[in-house]
Amino acid sequence: MIALEVNGERFELLLPVHKTLLEVLREDMQLTGTKHGCELGECGTCTVLVDGRPELSCLVLPIQVEGRKITTVEGMASGSQLHPLQRAFAELGAAQCGYCTPGILLASKSLLDGNARPTRDEIRAALAGNLCRCTGYVKILQAVELAAERMG
Amino acid sequence: MTDSNGFSVIGKALPKVDGAMRVTGQAIYADDMLPGRTLHCRILRSPHPHARIKSIDTSAARRIPGVQAVITGEDLPVKFGILPVTQDERALEHEKVRYVGDPIAAVAATEEEIAAAACDAIDVEFDVLEPVMSIDAALANPRDERIQDYGGPNNIHKLVALEFGDVDAGFAKADHVRDDVFFFQGNTHLPMEQHSAIATYVDGKVTLWSSTQVVHYVHRALAKVLELPMNRIRVIGAAHGGGFGGKTDPFAHEIVVAKLAMLTGRPVKCTLTREEVFYAHRGRHPVLMWVRTGVTKDGLITAMHFRSALDGGAYGSYGVASTFYTGALQTVTYDIPAYRFEGCRVFTNKPPCGPKRGHGTPQPRFAIELHLEKIARDLGLDPVDFKRRNFVKPMTRTVNWLRVTSCGLDDCVKNVIDQSGYRNRERRPGRGMGFAISSYLSGAGTAIYWNDMPHSEVQIKVDRGGVTAYCGAMDIGQGSDSVLAAIVAEELGLQPDDIRLVTADTDTTPIDLGSYSSRVTFMAGNAAIEAARKMRAMLVEAAAANMGGDPESVAVGAGRIGDFSFEEASILAETRFGTLTSAGSYTPPKIAGPYKGSGVGPSPAYSYSACVVDLDADARTGLVKINKVWIAHDVGHAINPLLVEGQVEGSVYMGLGEALMEEQTFRKGLHKWPSMLEYKSPTFLDMPEVETFIVETNDPEGPYGAKEAGQGPLLPVIPAVSAAVFDALGVWIDEIPVTPEKIVEAMRRKAKGEPARYGPPRFPDIPYPPCIKVEPPPKDLNVAAPAAI
């Protein structure tokens, strides 16, 4: 039995030992907002936050994060109030197909939580491990900047 | 608020209607679905590029606890394929495999790991055949047997030869004739979402949710292979995680999960691994090209002869259309008075190629833009002026019978040339700018399977103030749902978030042919206008009757119909007319020319783009850094400028990836880079600043004058990159991608006094048939053309 804290909620689960955090989030907790693109740690799509830092959930075993605070995209909004990053992404069209979006939102959140007004190059560096095939990244950069401005 | 053109929604930069759903993780993609009792499916795929199957023994797999069903090609023998002329695929192959990754058997089990273990336990005996791995090999006599049993000679799939006007006479008139050879390596879509499908079988009906771009074509393929009437099958497009053309064919896994659901009575899901996605492919064809153009000394084109050879992979897919597309659109940007096109597609033992963003046209666009750049330099002319002198004019017909209506090429060029400072660019070694133009379809003018029915249909239902629009169109992230909502809202005086949408569901929505060929805004948009105007007429008539005035005096807008709120008006109208429904449809005009093969190329409207790329190229290392891209796109009328910008920026990004790094290549039948780490694509660190100019020409037939935005802007980026490398270093890279190795090799050749070029040395001898000679149509659109076919 393992206890995980996800989005402030405590889950007690009996799991096969080989199951990744990604699989547990999606299949055992029905938190399907976390997506997968490669399951090899290459694309950034499955990024979640562990104690506020971005981690690739496809490379993490639940036992490694027991007792730590896990945040998924479902945990970003406060009630029905979108996080400023979510609002900026929706407003500026930074999510086209939206499949890479949860991972990029969380990596951006981690960045802004530690650096309230990052430069464009700092945003690029923070998100360099997240691939997006739709947007050309342009609107994502603008959305992170807009959210930082509003949060500042 | 209504703008000066009388619009309150159209033309406004509004967020997508599904924006909040996509940023909160609430959009349900196919792999997010996991109904109770779901079985997991894995597919056993061929390890050999070319082999006969001698036997398949599934008995050990069936004995594994948790395995619920195992199927092979004998369970699904009926062949299918996206084009009616190439029904050459099986969901599972039991006679012969033609590429590494060709599906052979499928397992449904209680756990994915069990299904995978069961696949490993299937014993297949192969008789291995010599693989055919290149265009040259496919043209030669096969050592063993041919890959497919149609086409020919040898492994040629398709040959086409067309001549419009007198090409030899055109070359005779020329003061300068130049030949060039180019190669465009294949690449793949790399959608972030792996393909996924889940099927159920309840009450004798199959329901399939899939990450497809075209629910209708999947519906047709399922009916054929499962041998069920279409009314026993329902296909629903799940939230879509990226297509770019890669989810436009019906796929084996979609058919297999449906069959397994029928056999087990349980939901069955199959999600491809990333490696399988690379082998599913259907991406950009590798194309070898030869082009000869004649010009006068003033720089007017007198004739062009274009040859293409496409490496198609193992199956037909969209390949016949792709082949024609490598020759079709050259004439839509440049006025070519005489034009000969010879195309050839070959089969090879590689994953089948098909449509990727720009379908069949980025390769020839790369070739002719660089070719014309070289001709301009031969003549001592400025490349921009030379190209501009040959631009097509609006409201004309091309020599190959394509109808050009609106055309904003001049404005596009002016924007990017002026704003980039191209004319006054810094001239120093290692720094360069390149320029190119392009054009693309706003929807294919003919359907995949010939018929005279509409290409798009929209229904609207109104009751108690609620508006629901139904359409088969599939939003793949480009925002087609938002475009539909915007149009219906505009016509009914509402806002997009007042409109409920039901899309991409073959049970509940009328036909739309889906997200390919940049067709949705144009076709579904026109259908939506028709449906919405009929609904508006009923609301207005009911309001007028209750106001005691005539319908013309009833103002619609800001949520009101005359003196009434929209809800009040809807109640009055329902009282007057009964159930409030309306429908609209769009059928493209019959404009295909009177010759065989004329179905590929016609479109109700063409978009136009121009691009300037600024880069640094290192002469020693060959490394290229893109500094900035200026791109102008003639979209006709931007229904939502925010979404247009998103499409243009995404196209620039994908074009840069193709130009500089992306390649789908094979060694002994195995993909060289079947992972997201090895298959290089641009990251946040690679993407330069993009300055986008939206050019509006108000197309006469587009919805509110709109044309496409999703594919055209990719096309000029690729040749502009190569032209900029020449500008920087004085070497021609006539092969895509433009990698550092190729630049270094070209620099080495230049230093040795050899031609300063990297590219294919020659174009092979291909047994093209004699050209079908086609008389060009009257150039002026106002002069009637002979009856089209």
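Reader: Which strands form a hairpin with two residues between them?
Author: In this predicted model, β9(B) and β10(B) form that hairpin. D203(B) sits in the turn and has a positive phi of about 55°.

Reader: How many bridges hold β9(B) and β10(B) in their pairing?
Author: Six bridges, in the antiparallel sense. Strand β10 of chain B covers residues 205-210. One of the bridge pairs is T200(B) with T207(B) in β10(B).

Reader: What else does β9(B) pair with in the antiparallel sense, over four bridges?
Author: Strand β12 of chain B, residues 268-271. In that pairing S196(B) stands opposite T271(B).

Reader: And why is β9(B) described as largely enclosed?
Author: Because six of its seven residues, 196-202, are buried.

Reader: Changing topic: where is A108(B) found?
Author: A108(B) is in strand β5 of chain B, which spans residues 103-109.

Reader: Is A108(B) buried or exposed?
Author: Buried: the cut-off is 20 or more other C-beta atoms within 10 Å, and A108(B) has 30 C-beta neighbours inside that distance.

Reader: Which residues is A108(B) in contact with, leaving aside neighbours within four places in sequence?
Author: The contacts are L39(B), C41(B), Q68(B), A69(B), A115(B), L260(B), T264(B) and V268(B). As for C270(B), its C-alpha atom is 9.0 Å from that of A108(B), although the two residues are 162 apart along the chain.

Reader: Which strand is joined to β5(B) by five bridges?
Author: β3(B), and the two run antiparallel. Within that pairing, I71(B) has A106(B) of β5(B) as its bridge partner. Strand β3 of chain B, residues 67-72, has six of its six residues buried, so the rest of the structure largely encloses it.

Reader: What is the strand order in the open sheet of three strands?
Author: The order is β4-β2-β6 in chain B, with antiparallel pairing. β4 (96-97) and β6 (123-128) stand at the edges with a single partner strand each, so one side of each has no neighbour in the sheet.

Reader: How many bridges are there between β2(B) and β4(B)?
Author: Two, with β2 of chain B running from residue 51 to 57. A51(B) has V97(B) in β4(B) as its bridge partner.

Reader: What about the two chains, how many residues does each put into the contact?
Author: Chain A gives 40 residues and chain B gives 40 residues.

Reader: Which helix brings the largest share on the chain A side?
Author: α2(A), with four residues. Helices α2 (84-92), α3 (101-114), α4 (120-127) and α5 (138-151) of chain A each supply at least two.

Reader: How do the residues on that side divide into nonpolar, polar and charged?
Author: On the side of chain A that touches chain B, 21 are nonpolar, 11 polar and eight charged.

Definitions and conventions:
Residues are numbered from 1 along each chain as its sequence is written. Chains are lettered from A and ligands numbered from 1 in the order in which they are written. This is a predicted model: local features need pLDDT of at least 70, side-chain atom pairs count only at pLDDT 80 or more; totals for chains, interfaces and linings use all residues. A residue is buried if 20 or more other C-beta atoms lie within 10 Å of its own, exposed if 12 or fewer, and partly exposed in between; C-beta atoms are placed from the backbone. Two residues are in contact if their C-beta atoms, placed from the backbone, lie within 7 Å. Two strands pair if DSSP finds at least two bridges between them. Ala, Val, Leu, Ile, Met, Phe, Trp, Tyr, Cys and Pro count as nonpolar, Asp, Glu, Lys and Arg as charged, and the others, Gly among them, as polar.
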